[in-house]
Amino acid sequence: MQNLSILWSFAKSKMSSPDRLVLNDSHEAGNEAGTNDMVGHSVQALSSPFCVQHIADPCLDCARCGNLQISLSSTLRKRILKLYGKYLSEDGQTVDYSSMKGSPEFQEYKELASSLKTVSGLDSSPENVRKAFWINVYNALVIHANVEADAYDPSKLFQFFGGVSYNVAGQVCSLDEIEHGILRANTMHPTAKKVFFENDDLRLPWKLSSVDPRLHFALVCGAKSCPAIRVYTDANIDQALDMAASSFCEQHVSITQTGSVLLSKLLDWYAADFGGKAGVYDFILKYSPEEVSSQIKSLVSGLASKDDLVFEFEQYDWSQNRR
């Protein structure tokens, strides 16, 4: 399997920018990011709204007193859970996309996804709320694309991540823009070497304040080497990301026979998000099983410096997580 850098270069050579596939908009192709002229519905269009103070139960004033993405995120999460409960494997690694497509649960989800166009308050809500919201939206968008359009193709990753999009609050957001522009705090893509939002981009205020490297173990792109799929809430986001990181390290951190540490390729591509090699070392010590962490410490004790510890990286399996 080719690595990400080669695939990115190949895709860029074939097309200057990916075609937009906006899955919750009637205008599904050709929309440029940030230029969508879709006018959102009134806030009353959202059913059963919840506010920050009353996220568990509705109150009469929630349609006016809270940030609207709280209500939508809550309902979105419930619809996603219904889908996952029926069509996701027990380990969260594979999805039955074919059966999901004609299901009433998926039809309900599509109707709700259309409401993302009406959401407001994305630049003013607490960071934990935005983080949970955008992780859930990203993962739901990947599944929506695979069910509705069978869009995932390992040989066309540039088109998939740059083209598959949702209209959120009147702005078109691709998977790349959600991940790198918003969740990674508008940090450069590791291979494209560019930021996604310029200073005048209307989506720039939506970005998180800093990069949380645990996000890499929460975002699921549809490939077999991706982390397990989970659903996140603003209340449990920190604990859930810790669990996601621990679960991923348990599966993808090991010691080779030659005394090096074998890691997921994600920790190579996004090493800068962890603080470089030293940050990756500290991260895997924290989140790996105790037995593995002890083995790594033992390896380092025999070296002049932890910088001499050798990392090897697994080949990333980009084939689809379909079952």
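Contact means that heavy atoms lie within 4.5 Å of each other. The legends below use this term for a predicted model, in which local features need pLDDT of at least 70 and side-chain atom pairs count only at pLDDT 80 or more, whereas totals for chains, interfaces and linings use all residues. Residues are numbered from 1 along each chain as its sequence is written, and side-chain values use heavy atoms, with hydrogens and water left out.

**Figure 1. Overview of the protein.** The protein has 13 helices and six strands. Helices (H or I, at least four residues) and strands (E, at least two) are DSSP runs, numbered from the N terminus. Of the 323 residues, 54% count as buried. Buried means under 20% relative accessible area, exposed means over 50%, and partly exposed lies in between (1.4 Å probe, protein chains only). The protein exposes about 14200 Å², of which carbon and sulfur atoms supply 49%; accessible areas come from the Shrake-Rupley method with a 1.4 Å probe, and for residues only the protein chains shown count as cover. Among contacts with a separation of 6 or more, 70% are between residues 24 or more positions apart.

**Figure 2. His 180 and its surroundings.** His 180 belongs to helix 8. With a relative accessibility of 1%, His 180 counts as buried. Leaving aside residues up to four places away in sequence, His 180 touches Ala 185, Asn 186, Thr 187, His 189, Pro 190, Phe 196 and Tyr 270. Val 211 is 31 residues from His 180 in sequence, and the two C-alpha atoms are 9.5 Å apart in space.

**Figure 3. Two buried arginines in one loop.** Arg 184 is found in the loop between helix 8 and helix 9. Arg 203 lies in the loop between helix 8 (175-183) and helix 9 (237-252). Arg 184 is buried, at 4% relative accessible area, and Arg 203 is buried as well, at 2%. The side chain of Arg 184 makes a polar contact of 3.0 Å with the side chain of His 180. A polar contact is a pair of N or O atoms within 3.5 Å; within protein, one must be able to donate a hydrogen and the other to accept it, and residues adjacent in sequence count only if both atoms are side-chain atoms. Not counting residues up to four places away in sequence, the residues that Arg 184 touches include Glu 179, His 216 and Asp 273. For Arg 203, a polar atom of the side chain lies 2.9 Å from the backbone oxygen of Val 172.

Figure 4. Three strands form an open sheet in the order 1-2-3, with mixed pairing. Its edge strands are strand 1 (21-22) and strand 3, each of which pairs on one side only. Two strands pair if DSSP finds at least two bridges between them. Strand 1 and strand 2 are parallel and share two bridges; Leu 21 has Val 164 in strand 2 as its bridge partner. Strand 2 (residues 164-168) and strand 3 run antiparallel and are joined by four bridges, and Ser 165 has Ser 174 in strand 3 as its partner. These two strands form a hairpin with two residues between them, and Ala 169 in the turn has a positive phi of about 55 degrees. In a regular strand the side chains alternate between the two faces of the sheet. In strand 3 (residues 171-174), Gln 171 and Cys 173 point one way and Val 172 and Ser 174 the other way, and all are buried.

**Figure 5. Helix 13 and what covers it.** Helix 13 (residues 290-301) has 12 residues and reaches 16 Å from its first C-alpha to its last, close to the 16 Å expected at 1.5 Å a residue. The expected span of a helix is 1.5 Å times one less than its number of residues. Val 292, Ser 293, Ile 296 and Val 300 are the buried residues of helix 13. Seen down the axis of helix 13, these residues fall within an arc of 100 degrees, so they line one face of the helix; the arc is that of the directions from the helix axis to the C-beta atoms. On the other side of helix 13, Glu 290, Glu 291 and Ser 301 are exposed. The cover over the buried residues includes strand 4 (254-255), strand 5 (261-263) and helix 12 (276-287).
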